[in-house]
Amino acid sequence: MLTSDWNKASYSRAQGECVRARLDEEEIQVGDTRNPEVLGFPASEWLALLKSLQ
């Protein structure tokens with residue numbers, strides 16, 4: 001479950017290259033540790049994406 005803290009992907013490299021995600025109020029934010037820009041998605045769309053990957 002996502003929290004307001006950044007959650008690093010389990011497949012990330014030890015050198016710090018990673019995809020990360022967090023919950024920000026009603027939005028899921030996804031970003032890359034090498035790039036300060038963040039993408040935001042409605043929580044319902046994020047859950048639909050995760051379900052489609054199962």
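**Entry 1: Lys-8**

I began with Lys-8, which is partly exposed, with a relative accessible area of 47%. I noted that this model is a predicted one. Lys-8 has its place in strand S1. I then looked across the chain from Lys-8 to Gly-31. These two are 23 residues apart along the chain, and their C-alpha atoms are separated by 9.7 Å.

**Entry 2: the chain as a whole**

Next I wanted the overall layout. How many helices and strands does the chain have? I found one helix and four strands. Along the sequence they follow the pattern β-β-β-β-α. Strand S1 covers 7-8 and strand S2 covers 19-24. Strand S3 covers 27-32. Strand S4 takes residues 35-42. Helix H1 takes residues 43-52. I also looked up burial. The chain has 54 residues, and 17% of them count as buried.

**Entry 3: the largest pocket**

I turned to the largest pocket. Its volume is about 230 Å³. Twelve residues line this pocket. Which of them lie nearest its centre? I listed Asn-7, Lys-8, Ala-9, Ser-10 and Trp-46. So Lys-8 from my opening entry comes back here, as a partly exposed residue at 47%.

I then asked where the lining comes from. S1 and S2 each supply at least two residues of it. Which strand gives the most to the lining? S2 does, with three residues. I also sorted the lining by class. Eight of its residues are nonpolar, two are polar and two are charged.

**Entry 4: a nonpolar patch**

I looked over the surface next. A nonpolar patch there has an area of about 380 Å². Leu-47, Leu-49, Leu-50 and Leu-53 make this patch. Leu-47 sits in helix H1. Is Leu-47 exposed or partly exposed? Its relative accessibility is 48%, so Leu-47 counts as partly exposed. The cut-off for exposed is over 50%.

I moved to Leu-39, in strand S4. Leu-39 counts as exposed because its relative accessibility is 54% and exposed means over 50%. I checked its distance to Gln-29.

Then I took Ser-4. Where in the chain is Ser-4 found? Ser-4 is in the segment before S1. Ser-4 is exposed, and I noted a relative accessible area of 53%. From Ser-4 to Gln-29 there are 25 residues along the chain, with 9.5 Å between the C-alpha atoms.

**Entry 5: Glu-25**

My last stop was Glu-25. I found this residue in the loop between S2 and strand S3. What is its phi? Glu-25 has a positive phi of about 55°, although Glu-25 is not a glycine. I also looked up its accessibility. Glu-25 is exposed, with a relative accessible area of 71%.

Terms used:
Residues are numbered from 1 along each chain as its sequence is written. This is a predicted model: local features need pLDDT of at least 70, side-chain atom pairs count only at pLDDT 80 or more; totals for chains, interfaces and linings use all residues. Side-chain values use heavy atoms; hydrogens and water are left out. On a 1 Å grid over the protein atoms alone, a cavity is a set of points where a 1.4 Å probe fits but cannot get out, and a pocket is an open set with protein on both sides within 12 Å along at least five of seven lines; lining residues have an atom within 4 Å of a point. Grid points are joined across faces, edges and corners, and a volume is the space filled by probe spheres set on the points. Ala, Val, Leu, Ile, Met, Phe, Trp, Tyr, Cys and Pro count as nonpolar, Asp, Glu, Lys and Arg as charged, and the others, Gly among them, as polar. Patches are made of residues with over 30% relative accessible area and no salt bridge: like charges are joined within 9 Å, nonpolar side chains (Val, Leu, Ile, Met, Phe, Trp, Tyr) within 5 Å. Accessible areas come from the Shrake-Rupley method with a 1.4 Å probe; for residues, only the protein chains shown count as cover. A salt bridge is a side-chain nitrogen of Lys or Arg within 4 Å of a carboxyl oxygen of Asp or Glu. Buried means under 20% relative accessible area, exposed over 50%, partly exposed in between (1.4 Å probe, protein chains only).
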